[in-house]
Amino acid sequence: ELGHNNVLGNGQALQLHLLQAARCIALDGYGAASVEAAYLRAAALCSDAQDPTMRTRVELGLEACYAMRGDLARARALAEAAVHATDWQPHLRLALQARWAWINVVFHQGHLEQALAMADACLARYEPSLHQPRAVQDPAIMCLSYSAWGLFERGCAGQALERVQRLLALAQRLDHPFSHAVAHGFAASVRLFRGELSEGLAQAEEAVRRCSAGEFQAWLAHARVIRGRLWAAQGDARAGLAEMEAGLALWLDTGARITGATYLAFQAEACLMLGEPAEALGRLLQAHEIAQRHGEHYYEAELLRLQGWSRWLLRRGQTDVQEARALLQRSLALARAQGRLGFALRSALALGRLDAEHGEQDEAILRLEEALSAVPDHHGCADAREARQTLQVWHAMRRRTH
């Protein structure tokens, strides 16, 4: 253990515990037991610390640990306390860190608009001169990363790509190994969502390389999951599934539980590509249970959509498809309620295909046209192209039948 209070002063011992926590985050992952232990040792010394911001720093470290473990209620309480304890001035750097912590929690809880608004407020105040090279993560890097993902979910694929470009440019300017690793991993994610597979794979490979070089285990796990999903999308679903399974195993080894449901959803998509809807459904039910347990709702609409699609494939050709239709309807309603219009487009397309196959083309066309018109900034991504092509097919079929 770093520091001995009978030799070192409390202030010096506290700093050593914080340095140890930072190193453990980078090497073991935010949710690791070593991280919590280092921060708890630091917290025990905070009462004697002369710097009044020190307790906030320690609590933010614990918040990150609990968030990664999926204890979102506990993490949110710590994040909100940190936000209340910090004004934009005179401690701008700490205020940014506190607000990023809050963004992280509310994003995963499903509050997209609140998370995006706070991310924009942080980015408006951030200057690269605030970056601390010895820090584990930079708040602007994290805000850009999560808001890029969130903008795609909102249905703003163009803005998401612009934010990725800002993210990569900032990482290049900071020349900070951890920031580079995170930035390339999220760039790969957004490229995957947009359907830009070769560009996404290049970013994923770079993220794997940088994470491996820095031994950043948590973000290496993320990069491997995204790389596997891209392999599957490019036609090698079996290898992609194996890579995603390895990535999720590494993620769990770091103590992380958050986002595990999303990674299982990615695996389920590969199972569907392999023609294994029953296997896909099993993973999706597991993912849904995990998400509900943690109160993690940001990907819930997709979990419902994929469950509905899997159940439909299992019963395709049969007249009883009401369970599949109900899941797809829930997915669409939830995506709209959460402001995730990018996901609503996917749900409208899936529900429309089910309805069109059962002779309800008119309703399917109206629903998909409405979903597509709601996301004008999505026009350059694969989901929008697929929707437009599907509408052309449905219109042609309707003309023939009339």
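The exercises below move from model confidence to helices and then to a single side chain.

**Exercise 1. Find out how confident the predictor is in this chain, and where pLDDT stays under 50.**

Solution. Remember that this is a predicted model.
- Step 1: for the protein chain, the mean pLDDT is 91, and 93% of the residues reach 70 or more.
- Step 2: look at residues 1-8, where pLDDT stays under 50. For this stretch the model has 12 contacts beyond four places in sequence.

**Exercise 2. Decide whether H17 and H18 are roughly parallel or antiparallel to each other.**

Solution. Two packed helices are described by the angle between their axes and the distance between the axes.
- Step 1: helix H17 covers residues 341-357 and helix H18 covers residues 361-373. Their axes are 8 Å apart, at an angle of about 170°.
- Step 2: angles over 145 degrees count as roughly antiparallel, and H17 and H18 are therefore roughly antiparallel to each other.
- Step 3: now see who makes the contact. H17 contributes residues including Ala-344, Leu-345, Ala-348 and Asp-355, while those from H18 include Gln-361, Arg-367 and Leu-368.
- Step 4: sort the residues of this contact by type, and you get 10 nonpolar, 2 polar and 2 charged.

**Exercise 3. Check the span of H18, then list its buried residues and what they pack against.**

Solution. 
- Step 1: H18 has 13 residues, which at 1.5 Å a residue should span 18 Å. The end C-alpha atoms of H18 are 18 Å apart, which agrees.
- Step 2: the buried residues of H18 are Gln-361, Ala-364, Ile-365, Arg-367, Leu-368, Ala-371 and Leu-372.
- Step 3: residues three or four places apart point the same way, because an α-helix has 3.6 residues a turn.
- Step 4: the buried residues of H18 pack against H17, helix H16 (322-337) and helix H19 (382-401).

**Exercise 4. Do the same for H14, and look at what follows it.**

Solution. 
- Step 1: helix H14 (residues 277-294) has 18 residues and should span 26 Å; its end C-alpha atoms are 26 Å apart, which agrees.
- Step 2: among the buried residues of H14 are Pro-277, Leu-281, Arg-283, His-288 and His-294.
- Step 3: the partners of the buried residues are helices H4 (72-85), H12 (237-253), H13 (260-273) and H15 (300-315).
- Step 4: Gly-295 follows H14, with a positive phi near 70°.

**Exercise 5. Is Arg-229 buried or exposed?**

Solution. 
- Step 1: locate Arg-229 in helix H11 (residues 217-233).
- Step 2: its relative accessible area is 10%. Buried means under 20%, so Arg-229 is buried.
- Step 3: beyond four places in sequence, Arg-229 contacts Leu-192, Met-244, Phe-266, Glu-269 and Met-273.

Methods: Residues numbered from 1 in each chain as written. Predicted model: local features only at pLDDT ≥ 70, side-chain atom pairs only at ≥ 80, totals over all residues. Heavy atoms only, no water. pLDDT = per-residue confidence, 0-100. Contact = heavy atoms within 4.5 Å. Axes fitted to C-alpha atoms, helices over the stretch in contact; angles between N-to-C directions. Helix = DSSP H or I, 4+ residues; strand = E, 2+ residues; numbered from the N terminus. Parallel < 35°, antiparallel > 145°, perpendicular 65-115°, else oblique. Nonpolar A, V, L, I, M, F, W, Y, C, P; charged D, E, K, R; others polar. Buried < 20%, exposed > 50% of the residue type's maximum accessible area, 1.4 Å probe, protein only. Expected span 1.5 Å × (residues − 1).
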